[in-house]
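Okay, thanks for coming, everyone.

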Amino acid sequence: MHHPLSFLKELHQRELEKIIQHNVDIVIYGHVHDENMHIEIHPTNSNSKETIFLRCPQLHSSKEDLNGYFILKTKRNGIDLVFRQWSKRRNSFQKGTEFIDNDEGVFSYVHKDDLIEDIIQKELEEDLNESLEIMGYTPSWEERILTKEWCNRNTNQTIIYYHDIINMQSNTLVVAPANYGLTCFGKYLRMRLWEIKKQHWLWIDLDDFKISQLDGKFGRLKSTRNITQDEIKGIVIDNWTFSNSSSQTLLDKLKNNHPNIRLIILGHSDQVSSIEGMDCDDRLEGFKVFYLNDLPRKSMRSIVTDFTKDHHIKTNETDESSIILDRLAMDLDEINMFRSPTNCIHMLFAFREDFNERPINRSRVFDKILKNLFKDSGMRYNNELTEDDCKLIMGALCFHLFQNENHQFTENQLKNIVIDSYKTKYSSEDIEDILQILINNKIIVKSSSFYKFRAVFWEYYFTGFKMYQDEACYNTMVKNKNYLIPEIMEFYSGSNPKCNEAIDLLNEELERLLHSVQDGLGFKPFNPYPNFKWNLNEHILGKSKDELDSEIKASRLPTHIKDDILDKNYDQTRPFNQSIQLVMEEYDVLNLMFIVKSASRVLRNSTLANEDKKVCLFHNILLGMREIANVIMYLSPLLAKNGYGGIGGANFHLTGDFPSDLEKCVHVIWRVIPFNLIMWFRNDIFSDRLSYMFRDTIMNSSSEPITRHIAALLIADTRPQEWDKYIRHYISEIDKNSYYLGDLNATLKHNYSIATLDPADESKTRTLIKSCIAKHKLGVKNPGKDTINKVKDDTLPPRLV
């Protein structure tokens, strides 16, 4: 209202006061040109309900008054007033520091009954943020989803959200692997239980708890919050494991002594079998069991977007978040890491210092992660230890673990191994410090009385460095055929870019395996594609153009559609398999697939190796991919009949929609082989430094047709400099009705729909799609601009970015 109450007649004033008393929380008034701000809090009834009276400053006056205004912001338990005052000197509004005596010009008020609540809320928020903090950075909370079945993103699966857990009355078990974000989820639940329902919940961490401490924990919570036992509504129990007898003892005691208190148990497990069996345990009678899912791409997208606001990651693209997200998802999948917030943040910190859109050298990424871990690491004894010392110590350990085929160790074993390798270079305290840093950052975890690496790629990384640092170690690993493990060879060549000896070895082994697989199949490679004709594939990873158009019209964000599509190809269970890859000589086909990956990664990293050796390795890699295509063609009748099949240790299965008719199914399998080969190997082999090898293969019309087509698809998929020039040349040399033209067109459409493209590449892809269609329909050998313009835009698929 404009006038204050005192300006009204007494009768009107009393009547308005009654209305305000029962119905109004805030009264805003003005009229009085007084630069002294008045904020009055009047108790208005027996329940001490408060009404806030706010007198506004004058916004415009011809006098020499202080002019300004305030912005009223309401919050759960009070208000904030943000004052702005007019500055004649600057001719603009500034912070209202002359209205309110503080540097920000902000007045905050909390209802008196909510003061204790505000303290509790702040305490719970700070506890959550402390758990969220990673390397000095506190990410925003990302909504986590739960399901009733483990690792199931089926669209018919019931999704459980935090508010569903809060509103339940039954005891609850939430299960997830370690380092998955389960502790943070529990602290978020506890905070929201207070914020929404005003419930007091006790927190128990079984990693630092004894049964005798239970009564003391209850007492401290009652004392600090001035509450009774009955006001404690529940307990969150973290780090629960059934292998720990004290866990069951605590559960029995709580059920007997506090039967009315609700329990939320956070069960950590690293094994799929253990996780899947938890809901069958008799000791969980009465509990509802849910499984915490890892992050979908849309949540990873939010993490990337928030991180890049505070920490710039330099890219050469306009859509930086999408480029970084694509690389993040690729690396987590290739390195076999969980899609957890912690893993995402660690990788993003590494990207901040050295980012490239393509995975040129992952050793550098892990070097950066280690370097960040050793910053302000709080070592007790020797602050001069660095990530290089860590690589030497852990390299000696991991080589020993590989030799003995036992991937668990004790602290004393670690010390003995380091002493054998480096004599007196490192003290016992140095080794303890290194071990503790890796434990603190969940790189090494304790399992019973032994330690082990949380994820096997760290073993590969340290072993690869040891092979580079110690020639005897390299020779031993080669003797044991560990070069068939792609990750080891990737990290070895990442540390040793001049690895001619490894290239010679891989060339020799590739040639041997090619002959072995051909002899095993009993027939030479053949090419069915000249008999196939153009077959336009409008499906984008399982969704047709009509389906995509329909979802866009239903107002779903295109980026979310893209993320959902790409999530369908992500296997949540794969990171649970952290076993070391076994090398079995009798599995020729499987070994061929492994060595193609190994050779591809070595080729990508070998920037200083002999050029002739590299070219030879490149051609052998393409021949290896060609032979894998031949294996799938050989197995296609079995795949069409059963949906799965295998030979030489390699197993394949069909996913997605395939025809029920066997003959048609075989033909569809043959058609999609090149696309699948690209999906399997593109992230292993391609780098911009190697694009000239693919270019030469495409430009050479005498190249073997299938390997030439694979090279063309890979160039279209990765889009190096001048890529459209090579694809135009390829289009000009293939038949207008050929399978190759139709398959290339399908790949280009796939990329146009869901790939992150800068404006130039988007335009090039659009033109090349129309060029394929123009050649097919009009028969022009090399369609020019006028011919391409005759193809309408409605032939293009929708963009989902």
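Let's start with Arg-190, which is buried, at a relative accessible area of 10%. By buried I mean under 20% relative accessible area, with exposed being over 50% and partly exposed in between, using a 1.4 Å probe and protein chains only.

Quick housekeeping: this is a predicted model, so local features need pLDDT of at least 70 and side-chain atom pairs count only at pLDDT 80 or more, while totals for chains, interfaces and linings use all residues. Residues are numbered from 1 along each chain as its sequence is written, and side-chain values use heavy atoms, with hydrogens and water left out.

Back to Arg-190, then: what does its side chain meet? Its partner is Asp-127, in a salt bridge at 2.4 Å, N to O. Asp-127 sits in helix α2 and Arg-190 in helix α4 (residues 182–197), so the pair ties together parts 63 residues apart in sequence. Helices here are DSSP runs of H or I, at least four residues, numbered from the N terminus.

A salt bridge, for us, is a side-chain nitrogen of Lys or Arg within 4 Å of a carboxyl oxygen of Asp or Glu. By that rule we count 27 of them. Another one joins Lys-613 and Asp-504, at 2.9 Å, N to O. Lys-613 is in helix α22 (residues 611–642) and Asp-504 in helix α18 (residues 500–521), so this pair ties together parts 109 residues apart in sequence. Both ends are partly exposed: 27% for Lys-613 and 34% for Asp-504.

Then there's Asp-470 with Lys-466, at 3.6 Å, N to O. Here Asp-470 is partly exposed, at 26%, but Lys-466 is buried, at 6%. And there's a whole network of salt bridges linking Glu-487, Glu-490, Lys-597, Arg-601, Arg-604 and Asp-684.

While we're in that part of the chain, look at Met-467 in helix α15 (residues 456–469). Met-467 is buried, at 3%, and its C-alpha is 9.7 Å from that of Val-478, 11 residues apart along the chain.

Last topic, cysteines. How many disulfides do we count? The answer is 0, taking a disulfide as a pair of cysteine sulfur atoms within 2.5 Å. Take Cys-390: the closest cysteine sulfur, in Cys-398, is 9.4 Å from its own, too far for a bond. Cys-390 is buried, at 0% relative accessible area, and Cys-344 counts as buried at 0% too.

Note on methods. Helix = DSSP H or I, 4+ residues; strand = E, 2+ residues; numbered from the N terminus.
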